[in-house]
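Let's take a walk through this model together. Have the sequence and the 3D view ready, and follow along as we go.

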Amino acid sequence: DKFRIASTVAFIVVIIGIGVPMWWHTTTVYRVSLPSSDILSLSKAPIKTAVQVAIYTQEPTRGQLLISELQTAFAGNEIWSMEFVQLSGSAKTKEAHTPAALERLLLAEHPLRTGDFMFIEWPKLQEELLLTTERSALMRSDTTSRKLEQLLHLKILQTYRVKQILSTDEQVGEKSEAPQPAYDVIVSVLNPKPQLTHAQWNVALAVKTYIEPWLAQLSGVSKFTVRSQWKYRVSIEADLKQFRDQSRLGRHYGLEEAALPHLLTSIAQNLSASTTDKPAINLVVYIPPCHTAPLHIYDGQGRMMTRNGVDAFISPPWGAFIIANPPEHVCLSAMSDHEPVPYHVSTTDNMQIMLDQLYKLLDVSSEVQIDGVKVVDIEQLEPRRWEYEAFLRRTAIRHISTSSNTLQSLIKLLDQISYIVIDDEVGAAIMKSYTDILAAKAALLEHRLADASELAQRAFVTSERGFFDPSLLAQLYFPDEQKYAIYIPLFLPIMVPVLSSFNMLRSILQDRYQSRKEKQS
């Protein structure tokens, strides 16, 4: 009995003391400790941005009145923490004879931080407000605070866009995606009939001169890799309709607006795909052959959509399309069966259109028109400073909002599905994203817009990496039900002798107890 008891106890100890803990340890889903409650409460703390607006007026009392009215208008705003300051002029500013000179002096004397703005009064202004290319706007002496507030909301702060980003209502919320950290920009020139249309264009030089410097200005939000290519014998698959006109050719061809998506589908498969995992922006210049040129776009009501001699359209996020019709004399020569006439594609015309398309594709431009407000035309290869900083601010808010939603979705998913693994690398990404979100929010409130943008972008990247990490799927298709189905047939035969051993031990111990009792009696 002594040996039987010892062997039974040893068997039970091995199975229960070693086997069961080992099974429990090897089948337990590993999860790094995460601040789940803190992450879920991210949306409770609003994303608020501090902006300073400086106001310069000829009469100090007028400036004080404008500031008082603007402070009242922005009091209690949930999105903006506005600070209005009055600027006092110096002897130099009072001697300024042009608005440009006054603007230059004030910006030199009172440097503005990234994201801040300045109103400068100029009595002889024709418009109520004139938005410059810098962080400033000129205003007339009779411009009201209501007009300043309107300009701030619609152009500088773009409050309506920010509300769309932050809205949880799917009907109100903005549906476009957050800007990615990197893009491939592919400029393609399509010439279906190179033997008949001798178009000449150094597109690589045009891209290097126009597109690359402009995109370099947006490097604070995204990095861009740009390349160009010529594609031959790539025709568009669309039904073209001929229209008679008064030109020397006597006709032109129309492309219906409804056919544009099919057109993009037909040419997309012939364009070289991006060789990286970065999203691609396609900028296509199509040179129609003379037998279908000039080619123009028509809307559903049969109206020509040509604007300023340009036929072009955009299709976010895929890219944009430009129709570069050959000159009339080239097609007249071709229709007369003469030798093809070489010609140069206009770099200036096509690049200006392409830059305008990039403005819209990357969501930099502000299309809102305000009565009495004029915007200075761009004369350099870079966005207006206030326009870029509005884009930077809006992007930072979008990245913070998207990152917060991503982390909260992941935490909710982990609560619902207990067998998703969170390893150290994913846990570190989640924690890094969480801390960067908090730091980005703080930076927005501290007038550090550039820092906030960088932190928000980093939070966005790490939250996406954590959410889509392949290791989360390691046990996604091996739930608890399947564990029980596999392990019960394995452990049940082992547990039968364990239970039998318990029964045997109980019998032995009872017999011993009875024998002792009998001896004592």
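Where is Pro294 found? Pro294 sits in the loop between S11 and strand S12 (295-298). Strands here are DSSP runs of E with at least two residues, helices are runs of H or I with at least four, and both are numbered from the N terminus. What you're looking at is a predicted model, where local features need pLDDT of at least 70 and side-chain atom pairs count only at pLDDT 80 or more, while totals for chains, interfaces and linings use all residues. Residues are numbered from 1 along each chain as its sequence is written, and side-chain values use heavy atoms, leaving out hydrogens and water.

Back to that loop. Ala293 and Pro294 are joined by a cis peptide bond, with omega at about -5°. Another cis bond links Pro316 and Pro317, where omega is about -5°; Pro317 is in the loop between strand S13 (311-315) and strand S14 (319-323). You'll find Arg233 in the loop between strand S8 (223-232) and strand S9 (240-244).

Now for some charges. Side chains of opposite charge can pair when their charged atoms come close. The structure holds 16 salt bridges, counted when a side-chain nitrogen of Lys or Arg is within 4 Å of a carboxyl oxygen of Asp or Glu. One of them pairs Asp184 with Lys278, the closest N and O atoms being 3.4 Å apart. Asp184 belongs to strand S6 (residues 182-191) and Lys278 to the loop between helix H9 (260-268) and strand S11 (280-286), so this pair ties together parts that are 94 residues apart in sequence.

Next, a pair of helices. H12 (residues 385-416) and H13 (residues 424-445) pack at about 145°, their axes 10 Å apart. The axes are lines fitted to C-alpha atoms over the stretch in contact, and angles run from 0 to 180 degrees between N-to-C directions. Which residues meet? Among them are Ile397, Ile400 and Leu407 in H12, and Ile430, Tyr434 and Leu444 in H13, contact meaning heavy atoms within 4.5 Å. By class, the contact of H12 with H13 has nine nonpolar, three polar and one charged residues; Ala, Val, Leu, Ile, Met, Phe, Trp, Tyr, Cys and Pro count as nonpolar, Asp, Glu, Lys and Arg as charged, and the others, Gly among them, as polar.
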